[in-house]
Amino acid sequence: MKIFKTNTRIIIPSITFFLGLIWVIYGLNNYGWWEEGPGSGFFPSIIGILLSGISIIAFLEGRKLSPPEYIKASYLPFIAAIATVGFALIIGFFPSLFLFLQGWLKLIEKYSWKKSLPVSTITTALLYGVFAMWLMVPFPAGLILNMIRG
């Protein structure tokens with residue numbers, strides 16, 4: 001059963017083109033490009049330039065192809081990603097990530113609790129260890145933790 005027919009081969013490259021431009025502008029204006037070596041904005045700007053360039057190519061190629069047809073299950077990753085971001089704002093990034101992994105493994109992949117719980121826990125712990133503790137990347141703490149902290 002198809003929901004509707006739209007040409008996502010044109011819509012998605014258009015969106016990613018503008019996201020790439022935002023990364024370039026934000027990286028250059030807020031973080032700087034080069035200060036005795038690559039600055040904080042160097043990597044986001046390079047990725048933004050590449051994303052915008054590839055998006056132009058994908059847009060031009062997408063105009064040549066007919067629009068794809070989607071079923072309801074095609075929207076699950078998009079809905080799950082939006083829900084994860086929403087929950088990250090409320091309960092924090094890592095609890096939200098854990099719930100996403102657990103929900104995906106349990107509901108979509110049909111893993112048992114015996115398999116899904118360790119995989120979700122270990123994956124979340126590894127990502128927390130590498131990015132939050134080792135690389136010290138700031139992640140959203142969420143409204144609840146921010147209210148507790150005062």
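Where is Lys-110 found? Lys-110 sits in the loop between α4 and α5 (113–134). This residue and others are shown in the close-up views of a predicted model described below.

Figure 1. The side chain belongs to an exposed residue, because the relative accessible area of Lys-110 is 65% and the exposed class begins over 50%. Most residues other than glycine have a negative phi.

**Figure 2. A nonpolar surface patch draws on α1 and α2.** The patch covers about 1,200 Å². Among its members are Ile-11, Ile-15, Leu-19, Trp-23, Tyr-31, Phe-43, Leu-50 and Ile-54. Helices α1 (8–31) and α2 (42–62) each supply at least two residues. The largest share, 8 residues, comes from α1.

**Figure 3. Leu-19 and Tyr-31 are two patch residues of helix α1.** Leu-19 lies in α1. Leu-19 is partly exposed because its relative accessible area of 39% falls between the 20% and 50% limits. Tyr-31 also lies in α1. Tyr-31 counts as partly exposed at 41% relative accessibility. The C-alpha atom of Tyr-31 is separated by 8.1 Å from that of Phe-42, and the two residues are 11 apart along the chain.

**Figure 4. Phe-93 and Phe-94 form an edge-to-face aromatic pair.** By the ring-centre rule, the model has 6 aromatic pairs. In the pair of Phe-93 and Phe-94, the rings are 5.0 Å apart centre to centre, with 85° between the planes. How do the two residues fall, buried or partly exposed? Phe-93 counts as partly exposed at 27% relative accessibility. Phe-94 is buried because its relative accessible area is 12%, under the 20% limit. Phe-93 and Phe-94 also belong to one aromatic cluster with Tyr-128 and Phe-139.

**Figure 5. Phe-100 and Trp-104 form a tilted aromatic pair.** The ring centres are 6.0 Å apart, and the angle between the planes is 35°. Both residues lie in helix α4 (residues 93–108). They are 4 residues apart, about one turn of the helix. Phe-100 counts as partly exposed at 28% relative accessibility. Trp-104 is partly exposed, with a relative accessible area of 26%.

Figure 6. For residues 12–29, the end C-alpha atoms lie 26 Å apart, and the span is 100% helix and 0% strand. For residues 41–62, the end C-alpha atoms lie 31 Å apart. That span is 95% helix and 0% strand.

**Figure 7. The protein chain is divided into two domains.** Domain 1 takes in residues 1–70. Domain 2 takes in residues 71–145. The C-alpha centres of domain 1 and domain 2 are 24 Å apart.

Note on methods
Residues numbered from 1 in each chain as written. Predicted model: local features only at pLDDT ≥ 70, side-chain atom pairs only at ≥ 80, totals over all residues. Heavy atoms only, no water. Patch = residues over 30% accessible without salt bridge, like charges linked within 9 Å, V, L, I, M, F, W, Y side chains within 5 Å. Areas by Shrake-Rupley, 256 points an atom, 1.4 Å probe, with all protein chains shown as cover. Salt bridge = Lys/Arg side-chain N within 4 Å of Asp/Glu carboxyl O. Buried < 20%, exposed > 50% of the residue type's maximum accessible area, 1.4 Å probe, protein only. Domains from an automatic or database assignment. Phe/Tyr/Trp six-rings, centres within 6.5 Å; stacked < 30°, edge-to-face > 60°.
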